[in-house]
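Reader: Please show me the structure, and then let us go through it by question and answer.

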There are 2 protein chains.
Amino acid sequence: LGNIGNAITGVGAEARRLAKEDSRRIVHAFKVGLAVALVSLLYFFDFFFDGFGVNAMWAVMTVVVVFEFSVGATLGKGVNRAIATLLGGALGFAAHDAASYTGDKVQVILLGLSVFVIAVVATFCRFFPKMRTRYDYGLLIFILTFSLISVSGYRNDEVWDMAYGRLTTILVGCCATVLVCSLVRPVWAGEDLHKLTASNIQQLGTFLEVFGGVYFQEEAKDDKNQVLLNDYKSVLNSKGVEDSLVNFAKWEPRHGKFRYRHPWHQYLQIGSLTRQCAYKIDALNSYLSSDVQTPLQHRAKIKEPCKMIISESSSALRELAMGIQTMTCSPSRDVHVVNAKSAAAKLKALMKTGLWPDADFLGIVPAVAVASLLTEVVLCTVKINEAVAKLAS
Amino acid sequence: LGNIGNAITGVGAEARRLAKEDSRRIVHAFKVGLAVALVSLLYFFDFFFDGFGVNAMWAVMTVVVVFEFSVGATLGKGVNRAIATLLGGALGFAAHDAASYTGDKVQVILLGLSVFVIAVVATFCRFFPKMRTRYDYGLLIFILTFSLISVSGYRNDEVWDMAYGRLTTILVGCCATVLVCSLVRPVWAGEDLHKLTASNIQQLGTFLEVFGGVYFQEEAKDDKNQVLLNDYKSVLNSKGVEDSLVNFAKWEPRHGKFRYRHPWHQYLQIGSLTRQCAYKIDALNSYLSSDVQTPLQHRAKIKEPCKMIISESSSALRELAMGIQTMTCSPSRDVHVVNAKSAAAKLKALMKTGLWPDADFLGIVPAVAVASLLTEVVLCTVKINEAVAKLAS
């Protein structure tokens, strides 16, 4: 009994955490409940039920299946379902019609064959990359509707009524879903993508700042800093989320600060550059805990330009993130980028002079590697800056 | 007209490419066609149709929706659908029963409220990470079935018949799907995961081998080598595919070389270590095209231990990949790992001596960074070797 109590408290705590992390989850759950309850009215009111009959079932199904977290995902699924039902229904109706002119046995063979062929072709189409990203669900519903209409027409001669009733209720379901999803506290995938892009860049900037303090041992590597130093790790594997958000955002109409045909694909490029920078940062991070460490007095010799690179790059990255967030183009980020570049040049010039004439070479290697990585971080920052500027233009 | 012709040829060429890349795609399409045609028989034969009636529609729907590429994905969806239909149907039946004792208006309110509450709670449950990975589809079907049974029961008093008919046909659909999917040329997610893990490790080994030749300019950086040098990039973003394959593989029963309860989670760890190694390799790759290059005569001084590290690490990685593929534990990979380690120690010792007394320091930095990265690649190889050994045990 105690175990059950513990499990319930655990689930409750987890639920609170999930709701606190993103309160839109609670709102989303209530929106789905609202939409399902709304289309249930098609059953409860005689006025509707006289019109739709048991076909009202398809409206309920549509709402449950199509309702997604973001407006873009919902719209994509809704449009896919509506158009695929229309096309599949029309083709199924045609197949039923064509087969009905033949004898009973031939009709069965023709219908079975047509279902088989359509299923094979449409399933294979789902492997085409372009279809997969945008129309996967539509192809599924196309097979579904075609099979249902053409095959069940064999037992029910009122195919037209059936197809018509199904199509209209599915349209009602799609409309209810899209309306509730986009009018009640809408969640825009485009906005999420935008924020994710900004926060990823921001995390790189934060890492650099903390790294500078810890590497030159001005700050302790305490728990708080350790957390900040690991924040960037989510950036490394962000590609999947980004891809699907871009895909959803493309379905969304003009909203908020985003005009219709906002260049969403540009976010993919920024994301890819951000990840490239994150790989360098991952390498920097490994030098904080590697077993061979350059003695502090040797690190001190490159400290000044390194700190300069770090502070200018992290300022540039954080201003870029801020600029994306507010959709403004602050000229000071260009200043930071230029400063970071000149600091990198200074570091290079400094390294040309015999910095560590009498030092143990092996002990210097990590510091040299760090310096080299920092200059590459500057290059990455320059590229990210260019890509963001392209987005703003 | 010419444009249409071009488009058709283009689609045809793409289809051929997709089929050639993985011939199982063609097989999959035919399997789906076969399964859909099979359940269509429920409509065509009087014997079946007398038993199932229009409920046969649910069998067709189930096949189309549940049939996935791999056995694990199909089984996961099928089990989710079957159990969720059972639970949702039972609960819907109970709600209908409880509401039917009240007056008409109260009944509507009670039913509407129960649908709302169930939809809200189940939708929120879909955000729990553990539910999301394994039971997302089940929760969706649970809401669907509950709403359909409880709400349509308001108009149709034969709820029991309806729920029973729906459940049996969905079970028939699930069984047909699972049988066709797992008996006709089955695609095992576990096997795909296994091969992906091996090929990812293999790609790192291949990169290293080519890198060694190109960096010390024994081989030209021609087109063929360029392709081999970019192969590893797919490893960087492999996490998403790996996660879903692990999730599917967990649904699969014992098959081929894999026993029931194969430690699939161990693949996630190997994958994560492989990606860490890939980040180092990405850094190495950037030194092939960076603008500051260490003069060849300076590189030559560290050539011997570097080449040793490269050849031993890449041999170890390739033997690891081969070992995973054949599920054998070759002891020679341990020898290669030991050799790589001792080569790394030799490189370190060499760097301790003043290797480049009169060289321009800046020009040496890239070579130092490469050497440092190579020693880290050795560390990664050691870790991957340990993780693979754990898998084999």
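Reader: How many residues does the contact take from chain B and from chain A?
Author: This is a predicted model, in which local features need pLDDT of at least 70 and side-chain atom pairs count only at pLDDT 80 or more, while totals for chains, interfaces and linings use all residues. Residues are numbered from 1 along each chain as its sequence is written, chains are lettered from A and ligands numbered from 1 in the order in which they are written, and side-chain values use heavy atoms, with hydrogens and water left out. With contact meaning heavy atoms within 4.5 Å, the contact takes 72 residues from chain B and 72 residues from chain A.

Reader: What area is buried between chain B and chain A?
Author: Buried area is the accessible area (1.4 Å probe) that two parts lose on being put together, summed over both. In chain B, the residues that lose the most area to chain A are B:F44, B:R155 and B:F361, together 11% of what that side buries. Carbon and sulfur atoms give 77% of the area buried between the chains, which is about 6,900 Å².

Reader: Which symmetry element relates the two copies?
Author: The copies are superposed by least squares on the C-alpha atoms of residues with pLDDT of at least 70 in both. Chain B is brought onto chain A by a rotation of 180 degrees with 0.0 Å of shift along its axis, at an RMSD of 0.0 Å. The two copies are thus related as by a two-fold rotation axis.

Reader: In chain B, which C-alpha is nearest the axis?
Author: The axis in question is that of the rotation of 180 degrees which superposes chain B on chain A. In chain B, the C-alpha nearest to this axis lies 2.5 Å from it and is that of B:A369.

Reader: Why do the copies meet through the same surface?
Author: The copies meet through the same surface because interface residues of chain B are also interface residues in chain A, and the share for which this holds is 100%.

Reader: Which residue of chain B forms a salt bridge with A:D46?
Author: A salt bridge is a side-chain nitrogen of Lys or Arg within 4 Å of a carboxyl oxygen of Asp or Glu, and the count between chain B and chain A is two. For A:D46 the closest N and O atoms are 2.7 Å apart, and the partner is B:R155.

Reader: In which helix of chain B does the salt-bridge partner of B:E218 lie?
Author: B:E218 forms a salt bridge with B:K307, with the closest N and O atoms 2.6 Å apart. B:E218 is partly exposed, with a relative accessible area of 43%, and B:K307 is partly exposed at 27%. The pair links distant parts of the chain, 89 residues apart, with B:E218 in the loop between α9 (189-215) and α10 (223-230) and B:K307 in helix α15 (residues 303-326).

Reader: Is B:S150 buried or exposed?
Author: B:S150 lies in helix α7 (residues 129-152) of chain B, where its side chain reaches the backbone oxygen of B:F146 at 2.9 Å. Not counting residues up to four places away in sequence, B:S150 touches B:G92, B:A95, B:H96, B:L111 and B:V115. With a relative accessible area of 0%, B:S150 is buried.

Reader: Which residues of chain B are in contact with A:F127?
Author: A:F127 is found in the loop between α6 (104-125) and α7 of chain A, and at 13% relative accessibility A:F127 counts as buried. Leaving aside neighbours within four places in sequence, A:F127 is in contact with A:R132 and, from chain B, with B:L18, B:R25, B:H28 and B:F69.

Note on methods:
Helix = DSSP H or I, 4+ residues; strand = E, 2+ residues; numbered from the N terminus. Buried < 20%, exposed > 50% of the residue type's maximum accessible area, 1.4 Å probe, protein only. Polar contact = N/O pair within 3.5 Å; in protein donor to acceptor, adjacent residues only side chain to side chain.
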